[in-house]
Amino acid sequence: MRAKAEALALLAGSGTADFAFRLAQVALPLVILRETGSVAATGLVGGAAGIPVLLSPWWARKARQWVDSGPRLAIVAFVSALALASVPTAAVLGVLSPALLVLSGLLLGCGDALSNPGRSALLADTGDRWGDGRAVLLLTWQDGLRRIGMLLGPSAGAFAVAAGFTNELLWVESAAVAASGLLACTVQPTRAAGAPEEPPSIRQSLQGRRDVLYGWIVRGTGCVTWFAFTLGLSVLGEERGKPGVYLAAGMTGYGVGALLGTAVSLAIVKRTKPVVAASVAWAWMGLCWVGMGVWTTPIVVAVMGALSGVTVVIGIAAISMLITRTSVGAERRTLLSGQTVVVNAGSAAGLLAGGPIIGAVGAASALVGAGIVTTVVAVLILIRCQAVPATAQVG
């Protein structure tokens, strides 16, 4: 019963903080623009926050192992909450500057690099104590709560901004992150006796876990080509005189599909080889993007978005199962950290190249091309993993 209560506390904290983040995403650029008058400055916090995450394989190798209990996770959460609170505080005082935005973003990035894999590892460890198969169940529902935030948060944030609440949403996010830390305080560490003093690197943790590497390749490819879905649909709406319509249709469909996928994903991945489920999932997602590019109507975009949402969640659950089944303790935290780096690096690379690609070939062609690339990589991984049996492992 204690493990169940701790798991629910971690889930509640994660869901609350993520929903608040979706709310604040709408308000943050407006606050910065009003206070600095610079459009370029609106992306400073988000851009700076990505740097520590991308560099975390080097600087956070030991630090991420330190976040192995609820109280330590709470300390990181409080630092992140202070970094978040610095922006509305500076806005109220009239001293908001690009330097402060960069500093806030760097602190947030450091916090994310430690807290995201730390919370996931704690959640998985708590699931292990709760019962067999609970680790992947909890990680899947953590991702499901994130999808709910993606679906409902931006709309709620837009209504709040329209009602005149901008700085207030930033305070809400800071308070929610602090509250997530408080909720985690009861979670005790699961420290294995005789654990190695030197924490493993991401590369070392992948040794003998070829299926995890394969899963990262297909997921990373999907993250790189994700720009075609978000940027592509935004541009497509502008090109066709329906600004926001295509993106809204795609994201709404994707959010609904992701929630449905959360409900069925475990039943599917338990009945098949996880790396096969991941490969098929992202291959299908690629085909959905091809469909969006060929039949570009809001209805088709919404349907294809929903189908891709279902499959992506199944793929993520499959990779979570691979990690939780084959690792514990320091290796599990390292693998979850590595997965965070793969997702962030892939997304950043895709967004960096996405604008020029869409400008050169057009939004519809970018969707088709990105979908083909994603499907081809997933199929090649599927063929590879079927041809070479994976080495069984237990961490």
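What follows is a chat about the surface, the rings and the core.

Me: What kind of model is this, and how are the residues numbered?
Reply: It's a predicted model, with residues numbered from 1 along each chain as its sequence is written; local features need pLDDT of at least 70, side-chain atom pairs count only at pLDDT 80 or more, and totals for chains, interfaces and linings use all residues. Side-chain values use heavy atoms, with hydrogens and water left out.

Me: OK, which residues form the nonpolar patch on the surface?
Reply: Ile 51, Leu 54, Leu 55, Trp 58, Trp 59, Val 102 and Leu 106, with about 650 Å² of accessible area together. Areas come from the Shrake-Rupley method with a 1.4 Å probe, and for residues only the protein chains shown count as cover.

Me: Which helices supply it?
Reply: Helix 2 (44–54), helix 3 (56–59) and helix 6 (98–130) each give at least two residues. Helices here are DSSP runs of H or I, at least four residues, numbered from the N terminus.

Me: Why does Trp 59 count as partly exposed?
Reply: Because its relative accessibility is 36%, and buried means under 20%, exposed over 50%, partly exposed in between.

Me: Switching topic: how many aromatic pairs are there?
Reply: Five. Ring centres must lie within 6.5 Å (the six-membered ring for Trp); planes under 30 degrees apart are stacked, over 60 edge-to-face, the rest tilted. Trp 226 and Phe 229 make a tilted one, at 4.9 Å centre to centre and 50 degrees between the planes.

Me: And what does Phe 229 do with Trp 289?
Reply: Those two stack, at 6.1 Å and 10 degrees. The pair links distant parts of the chain, 60 residues apart: Phe 229 is in helix 11 (residues 227–239) and Trp 289 in helix 13 (residues 274–294).

Me: Are they buried or exposed?
Reply: Phe 229 and Trp 289 are both buried, while Trp 226 is partly exposed at 22%. Trp 226, Phe 229, Tyr 254 and Trp 289 form one aromatic cluster.

Me: Last one: how many residues are in the largest nonpolar core?
Reply: 49, and Trp 216, Val 269 and Trp 282 have the most contacts inside it. A core is buried Ala, Val, Leu, Ile, Met, Phe, Trp, Tyr and Cys joined through side-chain atoms within 4.5 Å. Helix 14 gives the most, with 11 residues.

Technical notes
Patch = residues over 30% accessible without salt bridge, like charges linked within 9 Å, V, L, I, M, F, W, Y side chains within 5 Å. Salt bridge = Lys/Arg side-chain N within 4 Å of Asp/Glu carboxyl O. Buried < 20%, exposed > 50% of the residue type's maximum accessible area, 1.4 Å probe, protein only.
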